Amino acid sequence: MKEQLEAIRKSAVAELQNASVLQDLDSIRVKFLGKKGELTAILKQMGKLSAEERPVIGQLANEIRADLEGKISAKVDSIKEKLLEEKLKNEKIDVTLPSGRVPLGHKHPLSIVLDEVKDIFFGMGFSVASGPEIEWDYYNFEALNIPKNHPARDTQDTFYITENMLLRTQTSPCQIRVMEKQAPPIRVIAPGRVYRSDAVDATHSPIFHQIEGLVVDKGITMADLKGCLEDFAKSLYGEDTKIRLRPHHFPFTEPSCEIDVSCFNCGGKGCPMCKGEGWIEILGGGMVHPKVLKNCGVDPEVYSGFAFGIGLERLVMFRFNIDDMRLLYENDVRFLNQF
Ligand code: DAH
């Protein structure tokens with residue numbers, strides 16, 4: 001019986017040595033140490049043994065069981081360790097490797113030009129003001145010297161939310177909001193979205209952008225307006241750019257003008273871009289109307305100011321030679337990728 005036990009130990013140890021996966025070890029345990037295993041089978045025959053032999057064999061059997069159990073669990077540990085090592089090796093991340101590039105978007109052409117315009121005015125000491133897109137009739141019209149029934153309202157029809165509240169048709173209401181809050185000297189631009197009841201075509205959109213400008217201080221004259229906007233035009237289109245002021249009418253400025261820049265495509269000779277004119281209109285402006293100053297509690301006897309309004313879409317279209325405004329709103333990446 002002793003020999004049988006030692007033979008079991010031997011063959012179990014041999015099988016253990018060949019085992020390479022955890023399942024093998026399970027079957028070895030069942031085969032040798034399980035309820036129906038080889039060792040158990042031997043122990044069942046202990047009854048046949050003499051009283052002297054029984055404790056000796058019993059002890060040997062227990063010793064072999066403990067020995068095999070220890071060897072099996074050691075083997076389990078070593079296989080598990082190997083598996084873990086392999087896993088760590090396979091999942092190793094080299095954090096010093098360059099990453100796969102994340103595709104980055106870029107600025108929309110409207111933002112590119114707006115940022116340039118802002119930079120130019122920042123350089124002249126302007127700061128940015130803003131106002132709500134849903135505006136009171138008072139700020140959008142009334143305070144800007146456009147009373148109810150004024151014909152200027154017809155050209156700026158918009159979506160009315162109530163009798164007195166509407167989607168702003170221009171950024172000019174920002175002038176009022178700034179002057180109500182801040183005493184002169186004032187030097188601000190107010191870029192933003194405006195709304196009009198216009199049908200969509202190549203040069204019209206019911207939603208577009210303006211950049212308002214306002215300067216109020218003692219002794220401001222039309223010469224300041226001209227100098228400021230000439231500097232602006234030269235910064236945007238180059239040193240050789242000239243500007244031209246044409247008389248115009250806006251209810252909130254007196255006198256008022258429209259300002260053209262010499263065509264940046266042909267330099268003023270006349271080409272398809274300027275329709276043979278040599279000049280391109282880029283903005284409207286003028287001296288802030290004394291009534292508007294008064295509406296905001298600014299004394300027109302002490303202060304004067306100039307204001308201007310730039311259409312951002314026009315600047316962008318001329319800048320990038322875009323012939324259809326709709327392209328700016330369709331968000332077609334094939335178009336936008338070009339900028
Ligand atoms: N708000 C005018 C418009 O939408 C543009 C404008 C003209 C703004 C003259 C001004 C200005 O501040 O002085 O047509």
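This is a predicted model: local features need pLDDT of at least 70, side-chain atom pairs count only at pLDDT 80 or more; totals for chains, interfaces and linings use all residues.
Ile211 stands opposite Ile310 in strand 10. Residues are numbered from 1 along each chain as its sequence is written, and side-chain values use heavy atoms, with hydrogens and water left out.

- Seven strands make up an open sheet with mixed pairing, in the order 1-5-6-10-9-8-7.
- Its edge strands are strand 1 (127-128) and strand 7 (243-250), each pairing on one side only.
- Strand 6 and strand 10 pair in the antiparallel sense over eight bridges.
- Two strands count as paired if DSSP finds at least two bridges between them.
- Strands (E, at least two residues) and helices (H or I, at least four) are DSSP runs, numbered from the N terminus.

**The ligand site**

- Around the ligand are 16 residues, of which Gln170, Ser172, Arg196, Gln210 and Glu212 come nearest.
- The shell divides into four nonpolar, 10 polar and two charged residues.
- Gln170 places a polar side-chain atom 2.7 Å from a nitrogen atom of the ligand.
- For Ser172, a polar side-chain atom lies 3.0 Å from a nitrogen atom of the ligand.
- Phe308 uses its backbone instead: an N or O atom there lies 3.3 Å from an oxygen atom of the ligand.
- The ligand taken alone exposes 350 Å², and the protein buries 90% of that. Accessible areas come from the Shrake-Rupley method with a 1.4 Å probe.

- Three strands form an open, antiparallel sheet in the order 2-4-3.
- Strand 2 (134-136) and strand 3 (160-162) each have a single partner strand, so one side of each is left without a neighbour in the sheet.
- From one strand to the next, the twist averages 30 degrees.
- Strand 3 and strand 4 (residues 165-167) pair over two bridges.
- Thr162 has Met165 of strand 4 as its bridge partner.

**Salt bridges**

- The whole structure holds 18 salt bridges (a side-chain nitrogen of Lys or Arg within 4 Å of a carboxyl oxygen of Asp or Glu).
- Glu6 and Arg9 form a salt bridge at 3.2 Å, N to O.
- Glu6 and Arg9 are three residues apart in helix 1 (residues 2-18), so about one helical turn separates them.

Key. A residue is near a molecule or strand if one of its heavy atoms lies within 4 Å of it. A polar contact is a pair of N or O atoms within 3.5 Å; within protein, one must be able to donate a hydrogen and the other to accept it, and residues adjacent in sequence count only if both atoms are side-chain atoms. Ala, Val, Leu, Ile, Met, Phe, Trp, Tyr, Cys and Pro count as nonpolar, Asp, Glu, Lys and Arg as charged, and the others, Gly among them, as polar. Axes are lines fitted to C-alpha atoms, for helices over the stretch in contact, and angles run from 0 to 180 degrees between N-to-C directions.
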